[in-house]
Amino acid sequence: MTIEKNGQTFVFDSFECAIMKLAPTCRQCGVRVVGHGLEEGDDVYCCAHCAKKAGADARA
């Protein structure tokens, strides 16, 4: 599969490889955020618990 992001082109043979390369990581726990996460400014969180623990005002 070919994915274009921010003017760059990436080629992968599996979703897992694409996720490891392109998915954001939770600012609090470091897990890859696949699907719905929470954002506050430039920070991404995997869940409301991590956002709260980091002191973010993000809400689910």
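Trainee: Which residue stands opposite Lys5 in β2?

Mentor: Lys5 has Gln8 opposite it in β2, and the bridge partner of Thr2 in that strand is Val11. Please keep in mind that this is a predicted model, in which local features need pLDDT of at least 70, side-chain atom pairs count only at pLDDT 80 or more, and totals for chains, interfaces and linings use all residues. Residues are numbered from 1 along each chain as its sequence is written, and side-chain values use heavy atoms, with hydrogens and water left out.

Trainee: What makes β1 and β2 paired strands?

Mentor: A strand is a DSSP run of E with at least two residues, a helix is a run of H or I with at least four, and both are numbered from the N terminus. Two strands pair if DSSP finds at least two bridges between them.

Trainee: Why is Asn6 called exposed?

Mentor: Buried means under 20% relative accessible area, exposed means over 50%, and partly exposed lies in between, using a 1.4 Å probe and protein chains only. Asn6 has 71% relative accessibility, so it counts as exposed. Ser14, in the loop between β2 and α1, has a relative accessible area of 19%, and therefore it is buried.

Trainee: How do you know that Ser14 makes a polar contact with Cys17?

Mentor: A polar contact is a pair of N or O atoms within 3.5 Å; within protein, one must be able to donate a hydrogen and the other to accept it, and residues adjacent in sequence count only if both atoms are side-chain atoms. The side chain of Ser14 reaches the backbone nitrogen of Cys17 at 3.2 Å, so the distance is within the limit.

Trainee: Why are Arg27 and Asp43 called a salt bridge?

Mentor: The term asks for a side-chain nitrogen of Lys or Arg within 4 Å of a carboxyl oxygen of Asp or Glu. The closest N and O atoms of Arg27 and Asp43 are 3.8 Å apart, so the pair qualifies. Arg27 lies in the loop between α1 (15–22) and β3 (38–40) and Asp43 in strand β4 (residues 43–45), so the bridge ties together parts that are 16 residues apart in sequence. A search of the whole structure finds 1 salt bridge.

Trainee: Where is Tyr45, and is this residue buried or exposed?

Mentor: Tyr45 is in strand β4, and with a relative accessible area of 1% this residue is buried. Its side chain also makes a polar contact with the side chain of Arg27, at 3.2 Å.

Trainee: Which backbone oxygens does the side chain of Arg32 reach?

Mentor: Arg32 sits in the loop between α1 and β3. A polar atom of its side chain lies 2.9 Å from the backbone oxygen of Met20, and the side chain reaches the backbone oxygen of Ala23 at 2.6 Å. Arg32 is partly exposed, at 31% relative accessible area.

Trainee: Why is Cys29 in no disulfide?

Mentor: A disulfide is a pair of cysteine sulfur atoms within 2.5 Å, and by this rule the count comes to 0 disulfides.

Trainee: What makes Phe10 and Phe12 a stacked aromatic pair?

Mentor: Rings of Phe, Tyr and Trp (its six-membered ring) pair if their centres lie within 6.5 Å, and planes under 30 degrees apart count as stacked, over 60 as edge-to-face and the rest as tilted. The structure holds 1 aromatic pair. In that pair, Phe10 and Phe12 are 6.2 Å apart centre to centre with 15 degrees between the planes, so they are a stacked pair. Both Phe10 and Phe12 are buried.
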